[in-house]
Amino acid sequence: MRVLVAGHTYLRRFNQRKWEAFADLSPRHVALLVVPNGWRDPHFGPVCPEPSSHPRVRVRVTRALFHGHGTLTVHVDPRLAWVARRFRPDIVLVEQEPRSLLALQGRWLAQVLPGRPPFTFFTWGGGPTRRRPLPLRVLERGTLSAARVAFAGNHAAGEQLRAAGFGSAIHRIPQVGVDLPDRPGLTRRQVRRELGVSGAVVGFAGRLIAEKGVLDLAEALSGLGCLGWTFLAIGRGPLRHALELRLGAASLAGRLRFIEDADHRRVCDLLAALDVLVLPSFTTVNWAEQFGHVLIEAMAARCAVVGTNSGEIPHVIGDAGIVVPERDIRQLRAALRRLIDGPDLRARLGASGRARVQRHFTHAVVARRLAECLEGVRTRRATRHDS
């Protein structure tokens, strides 16, 4: 099965692991990843294309307009249709929202290629359709009518597709997974020594913005009243100063450590040094936590996790961590106190989290589920043609 995939997610080498795992499933599996020639991430800076080392995963870098604007991004490489024709895909998959220009481009490509391969897409959802401008609603309707199946990254995205009138199959599969094997790098003890921390280390990894709940977390930490913990904040954002002020006002500034710049491998090392990872996001009018990928990264590292019931977080954690109501500082503080004072509980949740990742969230598991769904699309199409 030959799959042409378009999406900026696969600029990064570690995200390409899903398609490498897909290719490992069968010698017949080949993926062509069409990515823009860069991406402007508003929070983490520019992202440059990285090649894949897998012989059956090819990365095609093309010139694109409007980097960093997912809905408007479009490839303008005049050779793209020729490249796709030579590749001869069995399926065209666009990993961008159905209201995007890239989805329109993918639909067009599937129509003009020999054999007219099936078209499908991946969505994270987001916001009621009726609030979108008319051109975006028209784009979305066209995508939904053209797709054979859809892939939703969370429960809410699947519900939104149904509400928008999508009648074909919807498969809920994470966009990317994680690797489980221990990676070479710094050991837990080395990282903790480097950071100068001891005792229980509570961490947050992500953007330091309001909806991620970082100030709620600071408030919960400020009232803990227990000793022997350190808070490690991994990421950057406009609330860093407010976070420092709140912990400083509680005479806890000495327990705070910041790591602003860290690549993926470094983040993995830092997560492995944590005892507890907290994702205290809260839902706003226009946003809810779409997945919380850092949760499965932490669970893979045997770190106990705490999250709120915002968006997809409870479905990701399942019974392998602690879920508290969003914006409930009292319950968040109680959960942190239990974990800081309970090394046995941390160890038990850490083991449960890793087992849950092994069952549901590794690149190999995600790739296998994706391959089964795509094979079903191809088989149904072949059956219709034969009849």
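Predicted model: local features only at pLDDT ≥ 70, side-chain atom pairs only at ≥ 80, totals over all residues.
The largest nonpolar core has 94 residues. Seven residues have the most contacts inside this core: Trp19, Phe151, Trp229, Phe231, Leu277, Leu295 and Leu336. Helix 14, which spans residues 363-386, supplies the largest share of the core. That share is seven residues.

Trp229 is one of the residues with the most contacts inside the largest core. Residues up to four places away in sequence are left out of its contact list. Trp229 then touches Ala200, Leu221, Leu224, Leu252, Arg255 and Ile340.

The backbone was examined next. Most residues other than glycine have a negative phi. Arg88 has a positive phi, near 60°. Arg88 is not a glycine. The residue lies in the loop between helix 2 (80-87) and strand 8 (91-94). Its relative accessibility is 55%, so Arg88 counts as exposed, the cut-off being over 50%.

Ser251 also is not a glycine, and its phi is positive, at about 60°. Ser251 sits in the loop between helix 8 (240-249) and strand 14 (256-259). Ser251 counts as exposed because its relative accessibility is 69%.

Technical notes:
Residues numbered from 1 in each chain as written. Heavy atoms only, no water. Helix = DSSP H or I, 4+ residues; strand = E, 2+ residues; numbered from the N terminus. Buried < 20%, exposed > 50% of the residue type's maximum accessible area, 1.4 Å probe, protein only. Core = buried A, V, L, I, M, F, W, Y, C linked by side-chain atoms within 4.5 Å. Contact = heavy atoms within 4.5 Å.
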